[in-house]
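Trainee: Could you take me through this model, setting each value against the definition behind the word?

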Amino acid sequence: MTKKRVAVLISGRGSNMAALIGAAKEEAYPAQIVLVLSNRPAAAGLASARAAGIATAVVDHTAYGKARERFEQAMQAELETHRIELVCLAGFMRLLTPSFVRRWQGRMINIHPALLPAFKGLHTHQRALAAGVRIHGASVHFVVEETDGGPIIAQGVLAVRDDDTAASLADRVLAIEHKIYPAALALLASGRLTIVDGRCRIAGTQDAPGHLIAPPI
Ligand code: GAR
């Protein structure tokens with residue numbers, strides 16, 4: 001099996017990156033993380049990537065001002081240098097231009113801390129609390145031009161508790177993220193995903209058992 005060459009793009013802590021790196025250590029995992037790229041030189045995830053023996057690159061967006069195309073050209077050059085086949089956005093907090101998104105169409109995925117299509121954008125946990133939803137979670141999806149709008153590959157859910165805060169939700173959703181992101185990348189890298197009419201189909205999966213009902217009844 002030839003493993004797909006993956007770059008993880010980060011802006012900060014990099015815990016999802018670390019989950020992907022951890023999963024990819026397994027011999028049977030169909031992808032290898034060969035590059036971690038950050039738009040922020042101070043991103044904490046860079047140090048953990050280096051400690052894991054993975055090549056890192058920094059393309060500092062502040063050096064490019066409003067020239068988003070040039071920023072992305074510099075990222076693209078790094079991706080080509082490392083012969084990257086798939087891109088995982090993992091807490092990468094820059095919006096991408098339509099031309100960069102099109103170039104990576106079907107080969108770039110993102111993790112979002114909400115049950116899409118609800119709560120696109122920022123401050124998802126605060127907004128979920130304010131909306132009073134009983135169920136919240138995380139989604140992995142293909143990146144398309146519309147922010148947080150692409151076909152959904154995997155989702156995980158939890159029941160919101162009365163005493164939850166944005167911070168407590170963030171913690172528990174993050175644990176879900178660390179499970180679904182490596183699983184979604186494996187599905188993509190092993191060629192099991194197809195997009196039909198804007199919807200993601202997955203070859204060879206079973207239906208999830210049971211229901212999650214909140215409150216339990
Ligand atoms: C994660 O919760 C991720 O879902 C979120 O940022 C966090 C990054 O944490 N991403 C977004 O909000 C994207 N709009 P990490 O650096 O520890 O993986």
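Mentor: Helices (H or I, at least four residues) and strands (E, at least two) are DSSP runs, numbered from the N terminus. The model is a predicted one, in which local features need pLDDT of at least 70 and side-chain atom pairs count only at pLDDT 80 or more, while totals for chains, interfaces and linings use all residues. Residues are numbered from 1 along each chain as its sequence is written, and side-chain values use heavy atoms, with hydrogens and water left out.

Trainee: Where is the place of Asp-148, and is this residue buried or exposed?

Mentor: Asp-148 sits in the loop between E6 and E7. Buried means under 20% relative accessible area, exposed over 50%, and partly exposed in between (1.4 Å probe, protein chains only); with a relative accessible area of 11%, Asp-148 is therefore buried. Its phi is near 60°, a positive value in a residue other than glycine.

Trainee: What makes Arg-83 buried or exposed?

Mentor: Its relative accessible area is 58%, and Arg-83 is therefore exposed. This residue belongs to the loop between H3 and E4, and its phi is positive too, about 50°, although Arg-83 is not a glycine.

Trainee: In what order do the strands of the open sheet come, and which stand at the edges?

Mentor: Seven strands form the sheet in the order E3-E2-E1-E4-E5-E6-E7, with mixed pairing; two strands pair if DSSP finds at least two bridges between them. E3 and E7 (152-159) each have a single partner strand, so one side of each is left without a neighbour in the sheet, and that is why they stand at the edges. On average, neighbouring strands of this sheet are turned by 20° against each other, direction ignored.

Trainee: How do you know that E1 and E2 are joined, and how many bridges are there?

Mentor: Seven bridges join E1 (residues 4-10) to E2 (residues 31-38), and the two strands run parallel. Among the partners in E2, Gln-32 is paired with Arg-5 and Ser-38 with Ile-10. Six of the seven residues of E1 are buried, so E1 is largely enclosed by the rest of the structure.

Trainee: Which strands does helix H1 lie across?

Mentor: H1 (residues 15-24) lies across E1, E2, E4 (86-89) and E5 (108-112), and runs at about 155° to E2. Such angles run from 0 to 180 degrees between N-to-C directions, the axes being lines fitted to C-alpha atoms, for helices over the stretch in contact. Eight of the ten residues of H1 are buried, including Met-17, Leu-20 and Ile-21. The buried residues of H1 pack against E1, E2, H2 (44-51), E4, E5 and H6.

Trainee: What is the handedness of the crossing of H5 and H6, and which residues make the contact?

Mentor: The axes of H5 (residues 124-131) and H6 (residues 166-189) come within 8 Å and cross at roughly 115°. The crossing is right-handed; a crossing is left-handed if the near helix is turned anticlockwise from the far one by less than a right angle, and right-handed if clockwise. The contact, meaning heavy atoms within 4.5 Å, is made by His-125, Gln-126 and Leu-129 of H5 with Ala-166, Leu-169, Ala-170 and Val-173 of H6.

Trainee: Is Thr-124 buried or exposed, and what lies 2.8 Å from a polar atom of its side chain?

Mentor: Thr-124, in helix H5, has a relative accessible area of 3% and is therefore buried. The backbone oxygen of Pro-113 lies 2.8 Å from a polar atom of the side chain of Thr-124.

Definitions and conventions. A polar contact is a pair of N or O atoms within 3.5 Å; within protein, one must be able to donate a hydrogen and the other to accept it, and residues adjacent in sequence count only if both atoms are side-chain atoms.
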